[in-house]
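Please look over the model below before reading on.

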Amino acid sequence: MTQTPAVLPERRPAAEDAEAVPWRAVSVMLTGAFMAVLDTFIVLVAAPAIRSDLHASAADVQLVLAGYQLTYAIALITAARLGDLFGRKRMFMAGTALFTLASVACATAPGAGALIAARMAQGVGAAALFPQVLSMIQVLVPAARRPQALGALGAVIGISGSAGQLLGGVLVAAHLFGSSWRPVFWVNVPVGLLALALTAAYVPESRAPGARRLDPGGAAVLTGALFLLVVPLIEGRERGWPWWTWLSLAAAVPAFAAFLAVERRTEARGGSPLVRPRLLRERPFAVGTCLVVVTYAGINSCFLVLSLTLQDGLGASALGAAVVYLPFAVAFFATNLLSGRLARFGLRTLRAGALVTAAGYAAVIAFAAAGSPPRPWELAVTLLPIGAGNGPLVPPLLGTVLSRVTPSEAGTASGVLATAQQVGGALGVAVTGVLYFGTLGGAAEGDATAYAHALGVTTVFHLVLMAGVLGLLGLLRDRRPGS
């Protein structure tokens, strides 16, 4: 193993606050964050090609997406604590190595089952590396310069989402070596290897001196509860909703209640629960967590059904579908740059973003409900307001919620919100898949009218989600200066 620098303390001396941001080390960590988020979106454009090449079912395609997010969500909080205990650099490198190896397994998968398993392994790798990025920014960057680094992280997350869709379309269209969708996973390998080499060379080790112990009982119960909820939503429609799907959904409710009971018992015995129950009892944080789940439920699922409609229904190529996403990317990037200046308006900025996004969804519904199926350029036009609304809504959302918890709970709260992101994404893909494929029925590929109708129905669901976002924002209050 390479020699690592001395372990850094959890807090840096106040005298160092005037130092510049150590961009070399921070940039290396941001590369890992970029890779983890990119892989959520790059597969969206490739989904139709995967379905065709592997003769995968609709449920298989959903699991390729939701399986990644599910294991990502389950492992996040535990991975953050492992980094505190055993070293954040070590966990970041372990996660990057696993993510890279799993990418090779995805790229060489002989069938849908192997691809789903490899994607779930990717999710574990992403969960191991991503929480260390935020923790290392807290340790490496002086407090006065920390907003710069956190802003860079927000920009990376936003750009990687847009870049994933564009890059996925280019790679699938290129059909390199006759490999169709497989390059969307091969592209991770050189990036992962480079990140490992640079991390070993430039990133110092860091641990939390007072790190809490693991909570294997809480992690096990939470894992079971999430599987009980998500798996039947994905598999139910494809299998005709057998009895076990309804039993599983019903069992998810007491399973989540059991998780809270286990966490209360662990805390009462002086242990270290995965999530402190008192944090979830604080109204602003509880509302904020629901807000994150609902917001992220619409993001990935929206682009999944749009990719399927464009390619399978309207006959667009993967590259053509990627070009349709360009207005979203441009509008998102532009309004995200402005979001810093708009921060002084507080929650009004987030509400404006949600309203503009809702207007974009309404435009999609209008085009889908018109007498003739929408053309790709018409859908591209609707993505302008969706991107413009997401820019000031999505990147600042986590910071807005975190600002409402005490500093002592910030670490746990960050893990809970990151988990909420992935759970929301997985649930959104599952529910949207039920609506989309259920509406589509047995329609043949190329039936533009049927695909447009299915897109319209599922976009109504996304519009309802955005109404939920506005309602939840109404339950929060702007923080007064000094509060």
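**Notes on helix packing and a pocket**

1. Leu347, Leu350, Arg351, Ala354, Leu355, Thr357, Ala358, Tyr361, Ala362, Val364, Ile365 and Ala368 in H14 meet Ala452, Leu455, Gly456, Thr459, Val460, His462, Leu463, Met466, Val469, Leu470, Leu473 and Gly474 in H18, where contact means heavy atoms within 4.5 Å. The residues of this contact of H14 with H18 comprise 18 nonpolar, 5 polar and 1 charged. Here Ala, Val, Leu, Ile, Met, Phe, Trp, Tyr, Cys and Pro count as nonpolar, Asp, Glu, Lys and Arg as charged, and the others, Gly among them, as polar.

2. This is a predicted model in which local features need pLDDT of at least 70 and side-chain atom pairs count only at pLDDT 80 or more, while totals for chains, interfaces and linings use all residues. Residues are numbered from 1 along each chain as its sequence is written, and side-chain values use heavy atoms, with hydrogens and water left out.

3. The axes of helix H14 (residues 347–368) and helix H18 (residues 448–474) come within 9 Å and cross at roughly 165°. H14 is therefore roughly antiparallel to H18. Helices are DSSP runs (H or I, at least four residues) numbered from the N terminus; axes are lines fitted to C-alpha atoms over the stretch in contact, with angles from 0 to 180 degrees between N-to-C directions, and over 145 degrees counts as roughly antiparallel. The crossing of H14 and H18 is left-handed (the near helix is turned anticlockwise from the far one by less than a right angle).

4. For H8 and H9, the axes come within 8 Å and cross at roughly 160°. H8 is therefore roughly antiparallel to H9, and the crossing of H8 and H9 is left-handed. The residues of the contact of H8 with H9 divide into 17 nonpolar, 4 polar and 2 charged.

5. Which elements give two or more residues to the lining of the second largest pocket? The pocket itself holds about 490 Å³ of space. Its contributors at that level are helix H8 (216–235), helix H9 (243–268), helix H11 (283–313) and helix H17 (410–440). H17 supplies the largest share, 5 residues. (A pocket is an open set of points on a 1 Å grid over the protein atoms alone, where a 1.4 Å probe fits, with protein on both sides within 12 Å along at least five of seven lines; lining residues have an atom within 4 Å of a point. Points are joined across faces, edges and corners, and volume is the space filled by probe spheres set on them.)

6. The second largest pocket is lined by 19 residues, with Leu222, Phe256, Leu280, Thr289 and Val416 nearest its centre. This lining divides into 17 nonpolar, 2 polar and no charged residues.

Technical notes. Angles under 35 degrees count as roughly parallel, over 145 as roughly antiparallel, 65 to 115 as roughly perpendicular and the rest as oblique.
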